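Here is a walk through one protein model, helix by helix. Keep the structure in view as you read, and find each residue as it is named.

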Amino acid sequence: MNNYSTIFEAVGGVEGIRKIVEAFYPKVLKNPLIGPLFPADIDPVMDRQTLFLSQFFGGPSLYSDQHGHPMMRARHLPFPITPERAEAWLGCMREALAETDLPHELQELILVRLSGPAHHFINQP
């Protein structure tokens, strides 16, 4: 991450997070395993994801300020999340990150940080 103290700073703050999110969700919607889990109107999801990832990666508490404690596992319980779906989600994120100009090491760090929560949300065999 060079001279940055957080992933949030290294990706360019909220603007950088938003670019990743905007590259990510079209891939999610096209993915046959996870696309059907998301609403057709993806804009509110993208807005919440931008807030959450900003906070998750060391930025200001934007998500908590607007929506309360993230409680991400609880928020994902209504959706059937299998190990395959968690991997599909991470695969879409890997593709989105590959489209950025972020250094490969930073892309890998982001994926490592996201893989824990992605697998933590699994609630189906």
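Begin with the buried side of helix α2. Its buried residues are Gly13, Gly16, Ile17, Ile20, Val21, Ala23, Phe24, Tyr25, Lys27 and Val28. Buried means under 20% relative accessible area, exposed means over 50%, and partly exposed lies in between (1.4 Å probe, protein chains only). Look at the spacing of those numbers. An α-helix has 3.6 residues a turn, so residues three or four places apart point the same way. The cover over the buried residues of α2 includes α1, α3 and α6. Helices here are DSSP runs of H or I with at least four residues, and they are numbered from the N terminus.

A word on the source. This is a predicted model, in which local features need pLDDT of at least 70 and side-chain atom pairs count only at pLDDT 80 or more, while totals for chains, interfaces and linings use all residues. Residues are numbered from 1 along each chain as its sequence is written, and side-chain values use heavy atoms, with hydrogens and water left out.

How long is α2? At 1.5 Å a residue, its 18 residues should span 26 Å, and its end C-alpha atoms are 27 Å apart, which agrees. The expected span is 1.5 Å times one less than the number of residues.

Now bring in α3. Helix α2 covers residues 13-30 and helix α3 covers residues 43-56; their axes come within 9 Å and cross at roughly 135°. Axes are lines fitted to C-alpha atoms, for helices over the stretch in contact, and angles run from 0 to 180 degrees between N-to-C directions. The two helices are therefore oblique to each other. Angles under 35 degrees count as roughly parallel, over 145 as roughly antiparallel, 65 to 115 as roughly perpendicular, and the rest as oblique. The crossing of α2 and α3 is right-handed. In a right-handed crossing the near helix is turned clockwise from the far one by less than a right angle; anticlockwise makes it left-handed.

Which residues make this contact? From α2 come Val14, Ile17, Arg18, Val21, Glu22, Phe24 and Tyr25, and from α3 come Val45, Met46, Asp47, Gln49, Thr50, Leu53 and Ser54. Contact means heavy atoms within 4.5 Å. By class, there are 8 nonpolar, 3 polar and 3 charged residues. Ala, Val, Leu, Ile, Met, Phe, Trp, Tyr, Cys and Pro count as nonpolar, Asp, Glu, Lys and Arg as charged, and the others, Gly among them, as polar.

Stay with α3. Its buried residues are Val45, Met46, Gln49, Thr50, Leu51, Phe52, Leu53, Ser54 and Gln55. What covers them includes α1 (7-10), α2, α4 (62-67), α5 (72-76), α6 (83-98) and α7 (104-120). After α3 comes glycine 58, with a positive phi near 100°.

Tyrosine 63 lies in helix α4. Its relative accessible area is 3%, so tyrosine 63 is buried. Leaving out residues up to four places away in sequence, tyrosine 63 touches Arg48, Leu51, Phe52, Gln55, Gly68, His69, Pro70, Met72 and Arg75. One of these, histidine 69, is found in the loop between α4 and α5. Is histidine 69 buried or exposed? At 58% relative accessibility, histidine 69 counts as exposed.

Return to α2 and turn to α6. Their axes come within 8 Å and cross at roughly 135°, so α2 and α6 are oblique to each other. This crossing is right-handed. Ile20, Ala23, Phe24, Lys27 and Val28 in α2 meet Trp89, Cys92, Met93, Glu95, Ala96 and Leu97 in α6. That contact has 9 nonpolar, no polar and 2 charged residues.

Last, follow α6 to α7. The axes of α6 and α7 come within 10 Å and cross at roughly 160°. That makes α6 roughly antiparallel to α7. Their contact includes Trp89, Leu90 and Met93 of α6 and Ile110, Leu111 and His119 of α7. Histidine 119 is partly exposed, with a relative accessible area of 33%. Not counting residues up to four places away in sequence, histidine 119 touches Ala86, Glu87 and Leu90.
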